Amino acid sequence: MSSHTPYADHTFKNITDEFESQVSQLGVGELVQSPAFTLFEGVSALEIGNPKMDSGMNQISLASCIEKLPSIETASGALWVIDQIFCREMAWHQGASLIQNVLSCVKVEQFLSQTNGSDALALLNSKNPQCWDDVVEAYIAATVKSISIMINLMIEGSVIEEEDIVLSKYDLSLLDTIHEKAVVELLNKSISWIKTQKDQNQQLINRLEFRLALFCILGHYTQNYQPVADKNQRPIAEDVAEALGVINASVIDAEENMFPQYDGTLFSTTIQGRISNNAPARLLVTVSTTEAFRLMKFLLEDLQYIVNVEKINNSAGLLGFLVKFAGKNEQALPFARGFLRYLTADISSLMILGESCTAWVKRDLIENTCSTPFGQYFLQETHDNPEVTTAINNFIYQAGLCYMDLICSTTNNRPRQHRLLGHAIVSWDSLQVAAETLEADLENYFPMDTIEVPDNETTSKKTSKSSKTEPAKVPAVPLSSWVYLRKLQIMIWVALLGFELDIYKPWEFSFVYWYTNYLTTIRQGHLSRAQLYLVQNLDRARQLEIDQFNNSRKSKQNKNKKKNNSKGSAIKSTATLPTTGISPSIDPVQTIPAMEMSLQLIHVLVMEADSLSQLSEANMYLTAAFDKAGLFRHPTTIGGDESTVRELQYNLRLKPFSSVGVPELPSHAEYLQSSGFSKLSPVELLLNASHMARSAKEKIEVIAKMVAGFGQVDDEVEALKRSSVGIAVSAGMLTRAYSVIDTDDRATTKELEGKMVITKGKYHKFFPVVDYKA
Amino acid sequence: MSSGDKDSSVKSTPKPIIYRPYFKENEETELKSVISLISSDLSEPYSIYVYRYFIYEWPNLTFLAFDEDDKTQSDPCGVVVCKLERFRGCRNRGYIAMLAVKKSHRGQGIAKKLVKMAVEAMINLNADEIMLETEVTNEAATHLYENFGFLRMKRLYRYYLNSNDAFRLILPVTKASPIMSQFLQKDPEYLEQQQLDYMTQQGQIL
């Protein structure tokens, strides 16, 4: 029972005389301030008497608003009012505050004035629908209660207040302490009553059944109610499907009909002056009926996708799922993102899908670079030396926090994701330092794993042709290698998200793509290194498996009855293999499946990095050509000479990457030198763009075929393919424009007089295409 | 803060316009005219205290434009309101809070001139960078600033009351601007020099 009484009679003390007396002591332009309240604090103050700020200026009593409301005489009238409230509810989901939509309904406020400050449960239980007004009231109770639950879920799901949605309830209790069951009973009573009427309006029943279906979904969150007894154990996916079924049926019959008798009386801004409200006066906000149902359908479809997250049990799958949702659904409603976050990650207990973030980070390590016997030994819970155990566990804890942040960032809105990933670069860079330090320290305790570098990389170091020494070995460093790969991936996302968010101007495109290509090339090289490490370990383990099999067969042939010594022989064989650091407690043969999985993953990542690298390079050359052709407008320089200003702009643009130790951000001078743009003519740049785009397309097609092999069409891959085609076509168009003005001279540096147009919609958001219009 | 300026290109022969800083001594009339001009133009409702905060604290960073015919200079046709302060204890950050030009006076380059005056004033006061926010949909204002070399650094989701996103733009002025605060904060020599410059400059103003 709520004891809060926002509608109680307030008594105010009149301070006018005292105020005027104090004010008369001030001169013109003189201000009162104290250290605790300066002009800065005053910025958030409301200005009393300013109609744009003071929502209490035209206060009207709720009673007088209720008086003007006509009663609802028909089923269609009730349906219209319910749909209008639903439209406001969806406007709230889109970001407007409750006082601008749902709470602005006089009937909603009337209902809340009864339930706030009284025994709401007793009141609800006493309700027994006998008229259409009562049916609307039951719908209002359900709407209010579900909003209350959704607000709690979104707070728990770390939805950003004010930025994504306004979560304020303005000190009102939205049936907060009332069990859903009471509301569901009222809905059921209403449905029963409608069925006794001549006008058994099915549309109206649909609306009430939708609220029931929504409570089934929300019941998985509140965990204290399953509205229908036989659905107690029903999976959430089925509840979402049922709600979607009802809403789909409602979309068909939703009509934009009007009931003029309610015009101007059902919704009012006057609530803003009656309740606890420190916001400036705000306009009413709604959406059309069609749009409201479309939005709810969209929300439920997102939920239908989101609930699949609970089935995921590997890190690559989880990150892929989250990144795909984030990329596809930049318009996802805050409740969907909050729900995903709620299902996925609990930051207070550092849990991801019911397991600790450290368990997940270990999983991620094993899936990538630590599936080898050495890697798995490394990640064991305990080691013989307690210092080693502590050092490794500390690292895993730090890595778990970084991993948790990465997971959580994906459920935010796209601009915030960009910012959070920018911050993540710094924390992953620190993690890399920690990994390198740990791996260096552990060398004191046991031999570290190595990678055998192919001969051609070490030939120059050989002093004699005849020397048949073992191949050179370099430290494998699987931990820092894993951090490096993840860090580079985040850096690439940050760089490319800027294109999606429209942050870069065209004149910046070439150097941002140049930097992206720099990162993707490094990542590609490092993935190849990881691939080599895995292949070498896998070969050894497979050889060992064959040896074990042969030994076992020999044993049988010798009729040796000691059948259980195969493990012992494995360890013996391990000792003779050209590898280091393997603990006897890890049987290399047992790691084969994990290493095979890792290799598959790394293989896909190599192909992805390869195509991204070439696509970045293609767009880098294309946009550099447009720039050289004089088609991009550069800003004027203020506060310095041009080269200094350009260097400042380069450094400011790449500031999120400036803190990274490895790979170090190339200086502006290094960029100018290594990009080579100054030495190439526009036509030469376009030839490069065209070549790289075609090559990228071939590689993307391989990925597309691989995805199609699993019976899927990946929208992201298709969009990448369109970008590669678009870049090649654009390069061709601009080349033709040059051939018109200068048929034979490939080295011409003449500027063109046409204009450029950036096309985004049909291409991948990370690779918009610049087109030339003559 | 937002910009209500729609003036990015010079469309007609400019009328004679007089530009000058805000006169603090004429506070009573001057402030009213600034509020009147800005509040008719901006999407955000600002209270009197917002204007007080900026103009009372940094009167030297508010610039006004008047018609030459407006002999009493009581009815500005354009205004820019800014501030300059230490940011995270390691750099001087200028901020363009408001920019407005009367509809009747747009297309004459008034906004461009006002921004130039404000930027130069802040540079003279040792600003390391100058920042502002503008609505993503306000292309004219975004282009105006970008032509001065401002870069879009962040997109701010649903930043304004009308639910529109904003771009945060920054004009880098010194080498301190592209360096992360956490690194600047660790450079004692730089900090000492900055503090000295800032204090000297503040002393000159006061």
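A salt bridge is a side-chain nitrogen of Lys or Arg within 4 Å of a carboxyl oxygen of Asp or Glu. Keep that in mind for the views below, and remember that this is a predicted model.

**View 1. A salt bridge inside chain A joins A:Glu381 and A:Lys362.**
Here the closest N and O atoms sit 2.7 Å apart. A:Glu381 comes from the loop between helix H16 (373–378) and helix H17 (386–409) of chain A, while A:Lys362 belongs to helix H15 of chain A, so the pair ties together parts that are 19 residues apart in sequence. How many salt bridges does the rule count over all chains? The count comes to 36.

**View 2. Helices H15 and H22 of chain A pack against each other.**
Stay with H15 (residues 357–368) of chain A and look at its contact with H22 (residues 592–628) of chain A. Two packed helices are described by the angle between their axes and the distance between the axes. For this pair the angle is about 80° and the axes are 7 Å apart. H15(A) and H22(A) are therefore roughly perpendicular to each other. On the H15(A) side, the contact is made by A:Ile366, A:Glu367 and A:Asn368. H22(A) brings A:Ala594, A:Ser598, A:Leu601, A:Ile602 and A:Leu605. Sort the residues of this contact and you get five nonpolar, two polar and one charged.

**View 3. Chain B meets chain A.**
Which residues make up this contact? Chain B puts in 44 residues and chain A puts in 43. The two chains bury about 4,000 Å² between them, with 64% of it on carbon and sulfur atoms. The rule also finds two salt bridges across this interface. One to look for is A:Lys505 with B:Glu146, where the closest N and O atoms are 3.0 Å apart.

**View 4. Two spots in the backbone of chain A are worth a zoom.**
Most residues other than glycine have a negative phi, and most peptide bonds are trans. Now check the peptide bond from A:Val662 to A:Pro663: it is cis, with omega near -5°. You'll find A:Pro663 in the loop between helix H23 (642–653) and helix H24 (668–675) of chain A. Then go to A:Leu175, a residue other than glycine with a positive phi, near 55°. A:Leu175 lies in the loop between helix H7 (132–156) and helix H8 (180–196) of chain A.

**View 5. Some stretches have pLDDT under 50.**
Chain A has a mean pLDDT of 88, and 89% of its residues reach 70 or more. Chain B averages 87, with 88% of the residues scoring at least 70. In chain A, pLDDT stays under 50 over residues 460–464, a stretch with two contacts beyond four places in sequence. Residues 565–582 of chain A also stay under 50, and there the model has 27 such contacts. In chain B, residues 2–10 stay under 50, with 45 contacts beyond four places in sequence.

Terms used
Residues are numbered from 1 along each chain as its sequence is written. Chains are lettered from A and ligands numbered from 1 in the order in which they are written. Side-chain values use heavy atoms; hydrogens and water are left out. Axes are lines fitted to C-alpha atoms, for helices over the stretch in contact, and angles run from 0 to 180 degrees between N-to-C directions. Helices (H or I, at least four residues) and strands (E, at least two) are DSSP runs, numbered from the N terminus. Angles under 35 degrees count as roughly parallel, over 145 as roughly antiparallel, 65 to 115 as roughly perpendicular and the rest as oblique. Contact means heavy atoms within 4.5 Å. Ala, Val, Leu, Ile, Met, Phe, Trp, Tyr, Cys and Pro count as nonpolar, Asp, Glu, Lys and Arg as charged, and the others, Gly among them, as polar. pLDDT is the predictor's confidence in each residue, from 0 to 100. Buried area is the accessible area (1.4 Å probe) that two parts lose on being put together, summed over both.
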